[in-house]
Amino acid sequence: MVVVKWFQRACIVLLVGVVGISTWRHRDDAWVQALWRPEAPSKPVVFDNGSVRAAAQPMVPASAAAKGPDNLPGLMKKCIKGKQVVYTDQPCEAGAKVASVSGGNVTVVPSIAPKPAAPAQGAQAPSGRSSLRDALDLNGNDNIRDKMMERAINR
């Protein structure tokens, strides 16, 4: 009875060893890799270069629709009013001539906030410290300097 148990255990160890060696030998095979890491279903990638959005009918305000198809929102256009030229994707304002953009690049630059106005001559400047040395005020007070040195040394 004891011999049968040992024989069964030896067979199980041998079987596990054979399976392990076989698995190790075939670990780089394509069919094993397919079992471990199945590929995701391939779906073609469709790049949108704007043609999909251009084909869609945008909601057009009545004032822009009355001006013509060149003045629709979302299309790049040049609005000319007198000597002023504005490149925009919004409808041109009333009285402006709509022209198409014919090549080149358009770069959008964020606006810069204006600097605050300088105080008038009669107004006083803000009463703040002009430098770090004035804020720390270490020049004239040896007592504070000594206390700071003691703190630094006694750490």
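Helices (H or I, at least four residues) and strands (E, at least two) are DSSP runs, numbered from the N terminus. The model on screen is predicted, so local features need pLDDT of at least 70, side-chain atom pairs count only at pLDDT 80 or more, and totals for chains, interfaces and linings use all residues. Residues are numbered from 1 along each chain as its sequence is written, and side-chain values use heavy atoms, with hydrogens and water left out.

**Whole chain**

Select the whole chain. The secondary structure comes to 6 helices and 3 strands. Along the sequence, the pattern reads α-α-α-α-β-β-β-α-α. Of the 155 residues, 7% count as buried. Buried means under 20% relative accessible area, exposed means over 50%, and partly exposed lies in between (1.4 Å probe, protein chains only). A contact means heavy atoms within 4.5 Å. Among contacts between residues at least 6 apart in sequence, 13% join residues at least 24 apart.

**Helix α1**

Next, select residues 2-25, which make up helix α1. This helix has 24 residues and spans 35 Å from its first C-alpha to its last, close to the expected 34 Å. The expected span is 1.5 Å times one less than the number of residues. How many of the 24 residues of α1 are buried? The number is 0, so α1 lies largely in the open. Now pick C11, which counts as partly exposed at 36% relative accessibility.

**The sheet**

Select residues 77-81 for strand β1, residues 84-88 for β2 and residues 97-100 for β3. Two strands pair if DSSP finds at least two bridges between them. The three strands form an open sheet in the order β2-β1-β3, with antiparallel pairing. The edge strands are β2 and β3, each of which pairs on one side only. On average, neighbouring strands of this sheet are turned by 30 degrees against each other, direction ignored. Axes here are lines fitted to C-alpha atoms, for helices over the stretch in contact, and angles run from 0 to 180 degrees between N-to-C directions.

Look at each pairing in turn. Strands β1 and β2 run antiparallel and are joined by 5 bridges. They form a hairpin with 2 residues between them, and G82 in the turn has a positive phi of about 70 degrees. On the other pairing, 4 bridges link β1 and β3 in the antiparallel sense. I80 stands opposite K97 in β3.

**T88**

Select T88, which is found in strand β2. Is T88 buried or exposed? T88 counts as buried, with 17% relative accessibility. Its bridge partner is K77. Leaving out residues up to four places away in sequence, T88 touches L75, M76, K77 and C79. A polar atom of the T88 side chain lies 3.0 Å from the backbone nitrogen of Q90.

**The disulfide**

Finish with C79 and C92. A disulfide is a pair of cysteine sulfur atoms within 2.5 Å. A search of the whole structure finds 1. C79 and C92 form a disulfide, with their sulfur atoms 1.7 Å apart. C79 lies in strand β1 and C92 in the loop between β2 and β3, so the pair ties together parts that are 13 residues apart in sequence. The torsion about the S-S bond of C79 and C92 is about -75 degrees, so this disulfide is left-handed. C79 is buried, with a relative accessible area of 7%, and C92 is buried at 3%.

Technical notes
Polar contact = N/O pair within 3.5 Å; in protein donor to acceptor, adjacent residues only side chain to side chain.
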